[in-house]
Amino acid sequence: MSQKLRVGILGATGMVGQRFIALLENHPWFEVVTLAASPRSAGKTYEEAVNGRWKMDTPMPEAVKKITVMNVNEVEKVAGSVDFVFSAVDMSKEEIRAIEEAYAKTETPVVSNNSAHRWTPDVPMVVPEINPEHFEVIPFQRKRLGTEKGFIAVKPNCSIQSYAPILTAWKEFEPYEVVATTYQAISGAGKTFRDWPEMVENVIPYIGGEEEKSEKEPLRLWGRIENGVIVPATSPVITCQCVRVPVLNGHTAAVFVKLRRNASKEELIEAVTSFQGIPQKLGLPSAPAQFIRYMEEENRPQVKADVDYEKGMGISMGRLREDTVYDWKFIGLSHNTVRGAAGGAILCAETLKAMGYIQAK
């Protein structure tokens with residue numbers, strides 16, 4: 001690629017915005033040229049706007065420090081400087097829906113980390129290894145919006161990444177009933193331990209809205225396009241509990257599953273470890289070489305040891321064993337702010353570019 005696409009980040013000063021910036025440093029296809037945030041940050045350099053609130057483990061990239069932050073509400077001005085945008089704005093759902101549509105209507109593709117449009121019927125919600133065919137709904141969305149190039153695409157909730165890919169790999173064995181408990185890191189709430197000292201040595205058995213997302217969003221991933229909208233699947237039935245735990249990064253899931261078709265442990269592991277999608281076949285820049293790995297050790301996967309597998313873009317699975325009530329049970333682990341948030345959105349954008357949906361203006 002001779003010339004990189006110009007990228008803007010909406011909500012650039014928040015934790016997910018910062019993760020976008022960190023992951024896009026030296027990206028071979030995309031270059032961050034525009035940073036937008038709330039009016040209180042507008043007019044400052046990015047370094048001044050963040051001012052001691054940089055939450056990533058790696059240093060702030062030099063290339064963004066002196067970029068003047070723009071007002072995210074000045075849609076035409078921001079859109080005029082970029083080929084597409086990543087959205088990580090911190091607003092109400094109604095405000096997010098409105099502002100993302102406003103950007104799309106300027107003929108600027110929007111790849112969103114937010115949940116506001118996950119259930120808009122003609123907006124694709126995609127994990128590129130699972131359902132890239134859902135991007136085919138974009139022409140129907142463009143017709144509704146009255147655009148030629150602009151559209152919105154979203155990635156799903158971070159918590160489902162630790163088990164939905166595994167269930168997808170087992171599609172041939174027909175999972176039909178799933179019980180999952182997720183143990184979720186504090187960065188999923190945009191926090192560090194410095195911000196949230198109450199979480200040290202603590203567990204909170206409630207995360208607002210998370211259980212509904214964890215039960216319903218996988219069904220949308222497994223759905224189909226019909227009459228220009230995405231119709232969710234009806235199976236498997238999933239019930240979930242979501243618990244906040246004193247971990248910085250990494251969502252762990254303990255999962256029980258019933259299968260309609262019998263399978264051996266070896267067959268289930270082979271299905272998982274051989275599972276791949278368009279990102280692997282095309283060798284996209286952010287794609288993990290192996291999407292899901294199986295770990296034989298009884299005490300793995302562990303957050304500290306395994307959350308950064310494949311630079312945080314891979315899924316780790318372990319402790320697969322037969323169950324006395326359900327057929328099988330296992331543990332899954334994913335990086336919630338890389339694969340589950342910014343990294344997953346970047347992989348979506350790479351897939352959209354490879355499929356011709358995102359181009360230079």
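## Basis

Strands, like helices, are DSSP runs numbered from the N terminus, and a strand has at least two residues. The structure is a predicted model.

## Annotated positions

The UniProt record, an unreviewed entry, lists Cys158 and His251 under "active site". These residues are spread over 94 residues of sequence, yet they cluster in space, with a largest C-alpha distance of 7.9 Å. Of the two, Cys158 is included in the lining of the largest pocket.

## Cysteine 158

Cysteine 158 sits in a loop that runs between strand S6 (152-154) and helix H7 (164-169). Its relative accessibility is 11%, and buried means under 20%, so cysteine 158 counts as buried.

Leaving aside residues up to four places away in sequence, cysteine 158 is in contact with Glu210, His251, Ser334, Asn336 and Gly340.

## Histidine 251

Histidine 251 belongs to strand S11, which covers residues 251-259. Because its relative accessible area is 0%, histidine 251 is buried.

With residues up to four places away in sequence again left out, histidine 251 touches Cys158, Ser159, Ser162, Tyr183, Gln184, Ala185, Gly188, Arg244, Gly332, Leu333, Ser334 and Asn336.

Methods. Residues numbered from 1 in each chain as written. Predicted model: local features only at pLDDT ≥ 70, side-chain atom pairs only at ≥ 80, totals over all residues. Heavy atoms only, no water. UniProt positions renumbered as here; feature names shortened; annotations may be inferred. 1 Å grid on protein atoms, 1.4 Å probe; cavity = no way out; pocket = protein on both sides within 12 Å on 5 of 7 lines; lining within 4 Å. Helix = DSSP H or I, 4+ residues; strand = E, 2+ residues; numbered from the N terminus. Buried < 20%, exposed > 50% of the residue type's maximum accessible area, 1.4 Å probe, protein only. Contact = heavy atoms within 4.5 Å.
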